[in-house]
Amino acid sequence: MADEHGRKWDRCLADTAVKTVTGISVGIVLSVLFFKRRTWPVSLGSGMGLGMGYSNCQHDFRSPYLLHGNMVKDQ
Amino acid sequence: AQYSLSPCYVSLALYKCLYGRAHPTNLQHHRHYTSGESSGAAKVVAVGLVTLGSSIGGTVLYAKWDPKFRTAVEKNIPYSDWLLGMALGPNPYSPVTAHKKQVKESRSSKIKKEKNIKEEPSVSTASETTSAPVYSAQSIEGEYTGWPIGIAWIFIVFYILTFLFSVSASLEESLASSAKTTLQAIGAQEAALQAIGSHTHKLKEAMEAEVPPDQKSAQWRDLETALAERRSTVNDAGAALLKARDALDSLRSVIDKAKESKVAAVQPLVLAAEENLHSMVVDLDQAVTKVQSAESEAKIVSQYTELVNEAKRQFQKELSSLTPEIQANWKGLTGKLSADDLNALIAHAHRRIDQLNRELAEQRVREQVHIEAALEQQKLEDQKALDKAVHTATQHSKEEARLEQERKLSELREVMEAEMRTQLRRQAAAHTDHLRDILKVQEQELRSEAEQVLNSKMLEQETHYRQLTQEQLDNFTLDMNAAYARLKGMEEAIDSHVIAEEEARKAHQLWLSVEALSYTLKTAGSDLPTKPLESAVQAIQDSCCNNEFALALASALPEESLRRGVYSEASLRSRFNSLRSMVRRVALIDESHNSLYQYFLSYLQAALLFEEKQAMPPTQLTNEDLDPFKLLSYASYCLEHEDLELAAKFVNQLRGEARRVVQDWLTEARLTLETRQVVTLLSAYANAVGLGTTQAP
């Protein structure tokens, strides 16, 4: 179980890094393509990437405590 | 065993035929009295003496070594006890039973009947034919006494043979010598006779024959040589006669000695020798008488010649006295004599003739007287000669008669001996038959007696044997029963022992398998689990198949430990130490606070908060003690003090993410604890069972 914590962090960081880089790269691309090499797409993208990664990480860490309810439809 | 003297008899027969043929009448034709040679006889005598001496010495030595043999020899050979006593001393063994004495006496009587002799060889020829029945009688006594007797008989035979040989050799020798001398004497006598005859003849010739003067001297010389020869031959004859007479005397003495021995076997030899002696004596006497007669004749002739010579001498003397110058040979003097001489001679001759006539007349007158005197003398001499002749003749005839008598005596003796032998044989045969019958009867009696004794003994033995067997059987039954009871007892004891042993074995096995199980717990590596406990548990389950408690316990082990094994406390401890930092880092995260910011905060807390590494846990927990950090230190303390249970309890109080983090460790710890608990229980149980089964001394 302790390993999982570590694994989670690995995943989390890797995912965040990937997203961030992806965001950066998308931002760069967008900034290059559409936004005349402004930096704000890059930062946007990186921010988005970071945020996504962070959110994923958090969700991942929370996942054991999340309760999954099933809606029972009364039919 | 009859000891045969056949060689002896053969030799005796030979002697007899030799001597028998040499009869006195045939003496002139073949003069051989004996055919032996003195040197051969001496050799035989020497050999005989040596054999005799050696046999005597051998007998004495063996008698010295073996007293029984000595008694046997003394019994059989009459004067041997004297000899042996002289040589060896008295006999330590005395002669034995009455039966033996009887046999001895009978034998000695037989011996006495056979001969009247004392010397040893007599025993042989007399009793050698009786030795057969005697020996058979003796063989009843025992072989041991018969055997030295046999040796004694052999010795006796040797004695006889040597004695005979010696006697015969001596006889032969003396006979030969006497024969030689006699022959020599007779030859000498004949030579003397011849010489005398020739001399006489020559003398007569010389006296009577008128031969021419030149031959006369030759004649006289011949006569002289004849005379000398006659003298020498007569002397030789005399000497030879003396020698012959001496030899004959010695022969006679030898014969007498041989006769003294009175041995039956020697008699024929003696007889033959005596006959030879007699014939020799007779021949000698005859030759001597012939010579004497020739001598007497020669004496007459010599007397005649002497007278003639005397007359011649007288005449010569007278002639020489008358005619001194004329010498002897007057016959050749025819031309030389003168008339006076012749006249004187004639006168002398006439005177002589007258004288002679006168003498003749005187002589005629005295003739009768002279003749009577001569007749008387002759008668006397005749008488003497007659007497002598008669004497010698009577002697000869006496001798012949005696010899004849002795011959007849020996023949008779032989016949008697043969008859005696047959009678004895018959008697011996009767004796043996009688003995055989007696022995048969005795045998029967003894056999019946022995059978009786045997039967009684057998009966006794049988009853004894039966008694013994019955006793043995009873004893055996008793023993068997006792043994059976003991066996039964032993079997039961062994069975109970077997059961107890079985129990003990099972307990041991259980204990061993439990030990194995507890050992497998130790096989945990530093971070590796132990071997799977499955095999050990299987062993336990096998070893205590009928022990429910153990089975239950064995099945109470958690699956995971069976399959995978458990971790050791040390590994758990080390893992905990590594977990501790992780738990510290997520101490603030729980169900409700689990955002990343919380994570950050919790990390910050872990970095900034320091707690004791190990804190002794209180006996009662309060709420404050449920702080993860405290819990961790308590748990760590407990782990350090090898109290995994308490540590696990403390760790169990963690909540939230910390709990999730230590969940694995907790399950491991729980597993280990469970397993250990079961194992402990099992080993305690095994110990208890083992203690229960071991028998206290």
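Predicted model: local features only at pLDDT ≥ 70, side-chain atom pairs only at ≥ 80, totals over all residues.
How many disulfides does a search of the whole structure find over all chains? The search finds one.

**The disulfide of chain A**

A disulfide is a covalent bond between the sulfur atoms of two cysteines. Here the partners are A:C12 and A:C57, and their sulfur atoms are 1.3 Å apart. The link between A:C12 and A:C57 is left-handed, with -120 degrees about the S-S bond. A:C12 belongs to helix α1 (residues 2–33) of chain A, whereas A:C57 belongs to helix α2 (residues 40–62) of chain A, so the pair ties together parts that are 45 residues apart in sequence.

| Cysteine | Relative accessibility | Class |
|---|---|---|
| A:C12 | 6% | buried |
| A:C57 | 1% | buried |

**Chain A as a whole**

The secondary structure of chain A consists of two helices and zero strands. Chain A has 75 residues, of which 27% count as buried. Its accessible surface comes to about 5400 Å², and carbon and sulfur atoms account for 64% of that surface. Among the contacts in chain A with a separation of 6 or more, 56% are between residues 24 or more positions apart.

**Helix α16 of chain B**

Helix α16 of chain B covers residues 596–608. At 1.5 Å a residue, its 13 residues should span 18 Å, and the end C-alpha atoms are 18 Å apart, which agrees.

Which residues of α16(B) are buried? They are B:L596, B:Q598, B:Y599, B:S602 and B:A606. These residues lie on the same side of α16(B), because they cover an arc of only 150 degrees around the axis. On the other side of α16(B), B:F600, B:A607 and B:L608 are exposed.

**An annotated region of chain B**

An unreviewed UniProt entry carries the annotation "coiled-coil region" for residues 339–366 of chain B. In the model, this span of chain B is 100% helix and 0% strand. The end C-alpha atoms of residues 339–366 lie 39 Å apart.

Definitions and conventions. Residues numbered from 1 in each chain as written. Chains lettered and ligands numbered in written order. Heavy atoms only, no water. Helix = DSSP H or I, 4+ residues; strand = E, 2+ residues; numbered from the N terminus. Buried < 20%, exposed > 50% of the residue type's maximum accessible area, 1.4 Å probe, protein only. Contact = heavy atoms within 4.5 Å. Areas by Shrake-Rupley, 256 points an atom, 1.4 Å probe, with all protein chains shown as cover. Expected span 1.5 Å × (residues − 1). Arc of directions from axis to C-beta. Disulfide = S-S within 2.5 Å. UniProt positions renumbered as here; feature names shortened; annotations may be inferred.
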